[in-house]
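This report is meant to be read alongside the sequence and the model that follow.

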Amino acid sequence: MHIVENVLSTEELAWVRQLAAAGRFSDGRGSAGGVAGAAKQNQQLETTPEIAQQLAAMVIGALRRNNRFYRVALPLEISAPMINRYAPGMCYGPHFDAPVFYSPEGRQVRGDLSITLFISKKDEYEGGELHDNKSGQRVRLDAGSLVVYPSGGLHEVTPVTQGARHAIIFWVQSMVRDHEQRALLTHLDQCVESVSARLPASEEVRELTGVFANLGRMWINT
Ligand code: NI
C-alpha cells in the first residue's frame with residue numbers, strides 16, 4: 001500500500017466535502033456484484049451527470065499535478081470516481097475488487113490499483129480502517145490524502161462505529177500491469193533521483209536514466 005498525502009487543494013477539499021454533506025446517498029450494493037456485493041454495506045452519493053463530470057475533472061486534475069502518485073501508479077486511465085459513505089454499523093467485509101470499471105467517458109478500465117481518497121477528517125468518525133488482509137496493514141488517512149493498493153488483493157473496510165466516513169474511490173489501469181515490475185520501476189526512479197542529487201549531470205545519471213527508460217519500454221503497455 002502506498003500513501004500519497006495532500007492530494008487535494010484546500011478549495012477542492014472544501015468543494016467535495018460540501019458535495020458529500022449536502023448530497024443524497026443510496027445503497028452501494030449496486031456497484032459490486034456477487035460475493036463482493038454481499039460483503040458490502042455502504043452508501044454511494046447520487047450525482048447528476050454534471051456533478052459526476054466536475055468530480056472526475058477535479059480528481060484527474062489533482063492526480064495530474066501529483067508527481068508521487070504518477071510515479072507509484074504509472075496510470076494509463078482512471079475509472080469514474082465515486083463518493084461513498086459509511087455510517088455507524090456499516091463496513092465492507094473481506095473481498096476482491098472487480099476486474100473492469102469504466103472511465104468518465106465510458107471506456108473500459110482494467111482495475112489494477114484501487115484508490116481511496118479520504119475526504120472526512122480523522123476525528124469525524126471512529127473505525128472505518130482500510131485493512132489489507134495480506135500485509136495486515138491498516139490505513140486511515142487525513143482528509144485530502146489517498147492510499148493506493150493492488151485491486152487483486154483481499155481487503156476490507158472495518159465497521160464505522162461513530163460518525164460518518166466519506167471517501168472518493170476509483171480504480172486505475174496502470175501502464176505496467178505487473179505489481180513487481182511497477183514497484184521495480186518506482187524504486188529505480190527514486191534511485192535515479194537520489195544519484196542525480198549527488199552527481200548532477202553525470203554520466204552515471206545519464207546511464208541510469210537510460211536503464212529506467214528502456215525497462216519502461218519493455219514493460220509498459222499503452
Ligand atoms: Ni474493495
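H95 and H155 are both buried, where buried means under 20% relative accessible area, exposed over 50% and partly exposed in between (1.4 Å probe, protein chains only). The model is predicted, so local features need pLDDT of at least 70 and side-chain atom pairs count only at pLDDT 80 or more, while totals for chains, interfaces and linings use all residues. Residues are numbered from 1 along each chain as its sequence is written, and side-chain values use heavy atoms, with hydrogens and water left out.

The nickel ion has the protein donors H95 (NE2), D97 (OD) and H155 (NE2), lying 2.1 Å from it; donors are N, O and S atoms within 2.8 Å of the metal (3.2 Å for Na, K and Ca), and sites may look incomplete because water is not among the atoms. Along the chain these donors follow the spacing H-x1-D-x57-H. H95 in strand β7 and H155 in strand β15 are 60 residues apart and link distant parts of the chain.

Helix α5 has 20 residues (179-198) and reaches 29 Å from its first C-alpha to its last, close to the expected 28 Å.

| Side of α5 | Residues |
|---|---|
| Buried | R182, L185, T186, L188, D189, V192 |
| Turned away, exposed | E180, A197, R198 |

The buried residues of α5 are R182, L185, T186, L188, D189 and V192. They lie on the same side of α5 because they cover an arc of only 165 degrees around the axis, taken from the directions from the helix axis to the C-beta atoms.

Key: Helix = DSSP H or I, 4+ residues; strand = E, 2+ residues; numbered from the N terminus. Expected span 1.5 Å × (residues − 1).
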